[in-house]
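Subject: Handover of a structure

Dear colleague,

I am passing the structure below to you. Please read the notes after it with the sequence and the coordinates open beside them.

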Amino acid sequence: MVNGTIPVDGPTYIRVGQSGALSGTVRVSGAKNSALKLMAAALLAPGEFTIRGVPHIADVRWMGELLEQMGVGVSQEGGVLTLDVPEIVRPEAPYELVERMRASIVVLGPLLGRFGAARISVPGGDDFGHRPIDMHLRGLEELGATFTTSHGYIEGRVDHLEGTTVLLPYPSVGATENLLMAAVLARGTTVLENVAREPEIADLAVFLNAMGGQVRGAGTSTITIDGVEGLEAVEHTVVPDRIEAATYMAAVGMAGGEVEIVGARPEHMEMLLVKLREMGLDFSPTVDGLTVKAVGRRRSVDVATLPYPGVATDYQPLIVTLLATADGVGIVTENVFGGRFRYIDELLRMGADIRAEGHHAVIRGVDSLSGAQVRAPDIRAGAALVIAGLVADGETLIGDAHHVERGYQDLVGNLVSLGAEVSYSSPG
Ligand code: EPU
């Protein structure tokens with residue numbers, strides 16, 4: 001068993017003991033879901049990029065590997081990632097990497113924008129179920145690209161992308177990012193309508209504009225891009241991770257206590273804060289973040305996930321976990337991903353009373369949970385199970401803990417610093 005540090009061959013288990021109230025200060029990293037897209041956006045220009053606040057997580061390592069096999073020089077020291085992008089890259093994303101991390105699909109837009117060619121392994125489904133990329137492809141086709149699919153790969157080609165108006169049928173985060181990155185080097189003006197409004201998309205637009213792009217309206221539902229001839233390498237600091245911040249809020253909501261979360265941006269999580277306040281949590285702003293305080297049992301609430309600025313689907317496992325021991329009955333409706341309730345079976349093994357059917361989960365708060373051996377099916381559900389373990393009677397052993405390490409630089413170490421009984425553990 002290893003305490004505090006990740007076992008060399010990756011964390012297999014996270015062990016959680018019943019913990020008292022949490023206290024102290026924790027700092028969030030830069031957002032995973034921004035950093036990965038900024039790394040892809042670097043393909044749009046040759047030269048040396050410096051990206052600060054990049055978390056040390058498996059997804060960043062894998063995106064780095066993908067860029068390296070395209071010919072990009074990649075190094076990370078602390079939170080500073082350096083990318084050395086050559087004049088010509090190999091525009092291909094192989095099966096091994098896309099299969100490991102679906103987010104690799106966001107290299108498609110930059111590759112078509114700069115090189116007019118891309119060959120990407122078709123992403124499969126994952127723990128959330130079927131995850132199509134039809135909106136990415138249709139939008140890029142409207143900009144002039146053509147696609148063929150064979151032997152599990154999509155090949156895209158275009159002489160030069162041409163600006164046009166693209167209306168997304170749904171504000172997909174990844175499709176918005178792919179189209180935005182493609183359009184910065186397109187000829188003429190592109191108007192993207194009904195796009196995703198997440199803070200990570202606004203961060204991407206800041207990055208692209210610093211590179212010399214002409215992007216207006218990111219963070220609203222219409223983005224206008226005037227294509228430019230070329231872009232240049234820049235320095236940038238990644239927006240803080242609102243999902244990591246929410247994870248510490250949920251930990252305090254569950255175990256009680258008072259914790260300052262440095263880097264949390266309340267303006268990026270307004271709907272979540274409304275719901276957590278309804279549940280009985282208190283928040284107060286600090287110079288560079290906020291303090292969260294929780295005393296006693298939470299009240300049950302109803303929550304529906306929605307694209308930003310609604311309550312993010314990534315918070316959903318944390319919310320269900322908070323409701324599992326709240327006073328009363330809460331209904332959570334998952335509107336973004338069909339298969340994102342699979343982890344509920346694990347909470348049931350810990351004594352929760354939850355009935356999930358289709359897009360709805362009815363959570364009847366129980367007085368206590370009991371520690372059990374469970375399995376992390378994905379990043380956020382894994383974090384939610386760690387948080388459930390904080391109040392469970394006895395010990396909770398969470399298998400497949402490498403999922404958690406995909407999205408959190410040091411969830412275990414940070415929770416330990418707040419007084420929680422958590423450790424990494426090897427098999428046996
Ligand atoms: N969709 C389609 N067709 C498409 C694209 C999306 O039908 O072409 C559907 C999806 O199947 C899903 C919905 O649209 O039902 C939303 O998907 P979206 O494209 O918005 O999500 P994403 O870009 O694949 C990102 C985050 C997720 C986060 C979602 C929603 C990254 C790397 N991933 O995924 O984060 O849950 O947006 O906010 O940015 C995580 O961090 O653990 C994570 C899963």
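The notes that follow go from the whole chain to single residues.

The model is predicted: local features need pLDDT of at least 70, side-chain atom pairs count only at pLDDT 80 or more, and totals for chains, interfaces and linings use all residues. Residues are numbered from 1 along each chain as its sequence is written, and side-chain values use heavy atoms, with hydrogens and water left out.

Overall form

The protein contains 14 helices and 24 strands; these are DSSP runs numbered from the N terminus, helices being H or I of at least four residues and strands E of at least two. Along the principal axes, the C-alpha atoms fill a box of roughly 65 × 45 × 40 Å.

Of the 428 residues, 58% count as buried. Buried means under 20% relative accessible area, exposed over 50%, and partly exposed in between (1.4 Å probe, protein chains only). Among contacts (heavy atoms within 4.5 Å) with a separation of 6 or more, 75% are between residues 24 or more positions apart.

The interior

In soluble globular proteins, nonpolar side chains tend to be buried together. Here the largest nonpolar core has 77 residues, and I14 and I261 have the most contacts inside it. Such a core is a set of buried Ala, Val, Leu, Ile, Met, Phe, Trp, Tyr and Cys residues joined through side-chain atoms within 4.5 Å. Apart from that core lies another, of 75 residues, with A40, L43, I105 and I133 among them. Leaving aside neighbours within four places in sequence, I14 is in contact with residues including V386, L397, I398 and Y424.

Helix α4 (residues 108-115) is mostly covered, with 7 of its 8 residues buried; L108, P110 and R114 are among them. After α4 comes G116, whose phi is positive, near 70°.

K37 lies in helix α1 (residues 32-41) and is buried, because its relative accessible area is 7%. Not counting residues up to four places away in sequence, K37 touches V106, V173, E177, M181 and L204. E270, in helix α9 (residues 270-279), is exposed, with a relative accessible area of 52%.

Backbone features

Most residues other than glycine have a negative phi, and most peptide bonds are trans.

- Y308 and P309 are joined by a cis peptide bond, with omega about 15°; P309 is in the loop between β18 (303-304) and α10 (316-324).
- H151 has a positive phi, near 50°, and lies in the loop between β8 (146-150) and β9 (153-157). H151 counts as exposed, at 80% relative accessibility.
- D400 has a positive phi of about 55° and is found in the loop between β23 (395-399) and α13 (402-407). D400 is partly exposed, with a relative accessible area of 27%.

Yours sincerely
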